[in-house]
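Visitor: I have a model open here. Can you walk me through it?
Guide: Gladly. Ask away.

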Amino acid sequence: MADVEQIIKTNPIPEVQDRNRCAVANIIMNYIHGSRNRSVPVDPVAKFCENAQAVTRRFLKDNPNVYVVRSDKGNKTVLMESEDYKKKMLELLQDRTTYAPIPRDPTSRYERLNNNIVRRIRNLDIIDDRTAKQLTRYNAVCPRIYGQPKAHKPGLPLRPVVPNITAPSYNLSKFIGKIFQQSLVSTYNIKDSFSFCQFINNVTLPENYVLISLDVKSLFTSIPKSLAISSIISRWDEIRPNTGICLDLFLEIVEFCIDASYFKFDGQHYQQIFGTAMGNPLSPAIADWVMETLLDTVVRMLNIPLPFLRKFVDDLITAIPISELQHVLDTFNSYDVHIQFTYELEVDNKLPFLDMLLTRHSNQKVTTQWYQKPIASGRFLNFRSYHPLSQKLNMAKNFARRVYQLSTDLDDREKAKIIDAQLQLNDYPKPLRHRIANRMNEHVDEHQQQPQNLEYTYRRIPYITHLSNRIDRVLQRDYGSIRLAKYNVRSTRELFTMVKDPVPPEQQSNVVYIIPCSNCEATYVGMTTNRLKTRIYGHQTHYNTLEKLLEQGSDANDPQIVALGEKTALMNHSINKQHRFDLKKVKILDKNVNAHTLQFLEMGHIASNKNCVNKRTDTEGPHAIYAGIIYEIGNINKIRNRHDTQEHTHTTTQNSR
C-alpha cells in the first residue's frame, strides 16, 4: 500500500488519485477475503521447497558454526565453518600496508568533514540547495566489511567488500564519480559484449600474432592515492568542462573520499590506508581514469604495434607476436610497482574473454561464441522461482538473444542446443524451451525494431501472486509513463548468513518504532529519519524535564507540563495516566529510505495497532479508502500474535515435560 500510494501521488489531479485508490483498495480487499476462502491446489514443487526451507532453517539453527555465503563469481553458494571464515578475514586485515586498526569509530568526524566540504561548494554556488541537501549526511553509520569466497581458487580465499552506502562520504563520492564518468571519452573501453562482438568479428590480425588477455591483480586496492591524483592533474582539461569546482578543491574532495575508507569487523574498527575501497562508488571511476592513463603510456612505450587494445574494467585484450610476450608483460608491469598484471594466452587458437570464446582462424580472422566459465553454476532465474512470469520469459528471451548474437561461428542448431540445455538446467518446461530456441531470429528482429527513445519512470512494488499484476493493470490506465518493477518478497537471501557486524537498533535510521508502556498494555508508535538513539534521547529529555517540574511541585495543570503533553502522545499518556514508557525496550517495526513512504508505514502501524496511544491526527495521512484494509491487517496481526503465543506456550510445556 505504501509503494502504491507513492505512485498514485505522482498524478496531481485529486480525482485521478481517488479513482485509482478505490480500484487498488478494492483489489487488495478482494485478495484478502479471497485468500481465506480460496482452496489452493497443492503444488508438489512448492510443497517440496517449503519442506526443504524448513529443513534448512532447522539445520542452520542447530549448527550456528556453519556460514552460508555467496561466492565471489559463478553464482555459487558456499558453506564454510564460521571460525574458518573469521580466520581468513583476520588474515586479510593483518596486512598493515593496506589496513590499520583504529581505536574508535571515526564516523562523526568524517560526517563533519563531509558536511563542511558540501557547505563550501554550496557557498561557491557550484551546487544548488537540493543537491547540497542530498550530499549532506547526519545519520551515517560505520560500514561493515565482509568477504566473498573465491570458489574458483584453491583454499577459498576471500575478496574483501566494504558496502559504503551508509558511510558519511557515500553521496559525495557518487557526485564526484559522475563527474569522472561524464568527462571520460575512452578509446579502449568496451561498452558491452555485443559491441565488442561486432568489433572483433571484423578484425584481421597480422601474421604470427596471437590473442592475449591481461588482468590486474586486485585493481581497486592496488591504486596508490598519488597515482590517482597525478592522473587527474594530467587529464584536468578533460574534467574541467564538466564541473565548476577548481582543481585544488576537486583534488581535496577526491583525497577526502579516498581517505574516508574505514569499516568495522568483529567489533574492531579499521582504516584502509592504501588503495581504494571495494564498495566505494568513486573507486570504479578512479580505476577507469588510472587505467586510461596507464594504457596511453604503455602503448607509447611498446616497440610493437598493437592491432587493437580493449578493456573492460581491469580486463584487457589485445594481440601480440608470441616472441614479444615477455616484453609486453614487463612493459605493463613497469608502469607502477603496485599495479601488476597477469596474462592468459590463447590455447588451440581459443581465448575466453567476458562471456565469449574467441577463436583465431588460419586466415587470422576472429570469430566468437557464447561462453560460460567452468566456475559458473549455470543458475539464473529458475522457472519455479517466486517471480512474475513476464520476468522469467524476458530473462529466457534475452539469454537466447545473447547466445544467438555472440555465437558467430555456430549454426542455428548448435545455438538451439546451448539455449535448451541452459534453460532445462533452470527448470524451464520443454515446450517453452523449444519455442524460445526456435524463434531466436524473430526475437532478435523484434528487439532491433523496438524504438530506443522511450522514457519511462520505474517504481517498485512487491510481487504477490494474483495481486501485483492486477494492480499493475489498473495503474496503467492513468500512469502509462510509469513501469512497475516487482521485487521479490520471498527469497533464499534470508537463509544466507549475516556475516557483517550487525548495526545496533539505536544506530539505525529511517525507521518506524514501537515503545511499550511499563504500567499497562499501551504502546507508542513513532518514526524518525535520524538515528533511533537521537529520537529516544529526545523522549528521555522530555521525561527529564517532566521529572524536574514535578520535583519543583508543579501539577498536571501547570502550563509547562501541559506544553510537554502536547509534544507527543507518549508524553500525554505519561502525564495523564502517571505511567512511564520503557525506552530501553524500543523495537523497530519497519524501515524505508523514502520519508513519505515511511510516514505512510507509521500511520498504517498506528491504525492497525489497537493499543496505540497515538493521537487521531497521527492516522489522518492514509486516505479513508484504506481504512477497511488497515482494519483487516489489524485483525490478521491479532490472530498471528495469538497463534505465536499459543505455539510458544505449547513448546515451553513440551520442553518442561
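Visitor: How many helices and strands does the protein have?
Guide: There are 24 helices and 19 strands. Both are DSSP runs numbered from the N terminus: helices are H or I with at least four residues, strands are E with at least two. The model is predicted, so local features need pLDDT of at least 70, side-chain atom pairs count only at pLDDT 80 or more, and totals for chains, interfaces and linings use all residues. Residues are numbered from 1 along each chain as its sequence is written, and side-chain values use heavy atoms, with hydrogens and water left out.

Visitor: What box do the C-alpha atoms fill?
Guide: Roughly 95 × 65 × 60 Å, taken along the principal axes.

Visitor: And what share of the residues is buried?
Guide: Of the 657 residues in the protein, 44% are buried. Buried means under 20% relative accessible area, exposed over 50%, partly exposed in between, with a 1.4 Å probe and protein chains only.

Visitor: What does UniProt annotate at residues 129-375?
Guide: An unreviewed UniProt entry gives "domain: Reverse transcriptase" for that span. UniProt positions are given in the numbering used here, feature names are shortened, and annotations may be inferred rather than shown by experiment. In the model, residues 129-375 are 36% helix and 22% strand, and their end C-alpha atoms lie 49 Å apart.

Visitor: Which residues touch the most other members of the largest nonpolar core?
Guide: Phe180, Phe250, Val254 and Phe341, out of 58 residues in that core. Helix α13 (residues 283-301) gives the most to this core, with nine residues. A nonpolar core is a set of buried Ala, Val, Leu, Ile, Met, Phe, Trp, Tyr and Cys residues joined through side-chain atoms within 4.5 Å.

Visitor: Which other core lies apart from that one?
Guide: One of 32 residues, among them Leu211, Leu358, Leu381 and Leu406.

Visitor: Back to Phe180. What does Phe180 touch?
Guide: Leaving out residues up to four places away in sequence, Phe180 touches Ile232, Ile239, Phe250, Val254, Leu282, Ala285, Ile286 and Trp289. Contact means heavy atoms within 4.5 Å.

Visitor: Switching topic. At what angle do α15 and α16 pack?
Guide: About 145°, with the axes 10 Å apart. Axes are lines fitted to C-alpha atoms, for helices over the stretch in contact, and angles run from 0 to 180 degrees between N-to-C directions. Helix α15 covers residues 389-406 and helix α16 covers residues 412-425.

Visitor: Which residues meet there?
Guide: From α15, Ala396, Phe399, Ala400, Val403 and Tyr404. They meet Asp412, Lys415, Ile418, Ile419, Gln422 and Leu423 in α16.

Visitor: Where is Asp427?
Guide: In the loop between α16 and α17 (430-438). Phi of Asp427 is near 70°, a positive value in a residue other than glycine. Asp427 counts as partly exposed because its relative accessibility is 39%.

Visitor: What about Asn510, buried or exposed?
Guide: Buried, because its relative accessibility is 15%. Asn510 sits in strand β17 (residues 509-516). Its phi is also positive, near 55°.

Visitor: Last one. What does the side chain of Gln17 reach?
Guide: The backbone oxygen of Asn11, at 2.6 Å. Gln17 lies in helix α2 (residues 14-37). Gln17 counts as buried because its relative accessibility is 14%.

Visitor: What else is Gln17 in contact with?
Guide: Setting aside neighbours within four places in sequence, the list is Ile8, Lys9, Asn11, Pro12 and Tyr479.

Note on methods:
A polar contact is a pair of N or O atoms within 3.5 Å; within protein, one must be able to donate a hydrogen and the other to accept it, and residues adjacent in sequence count only if both atoms are side-chain atoms.
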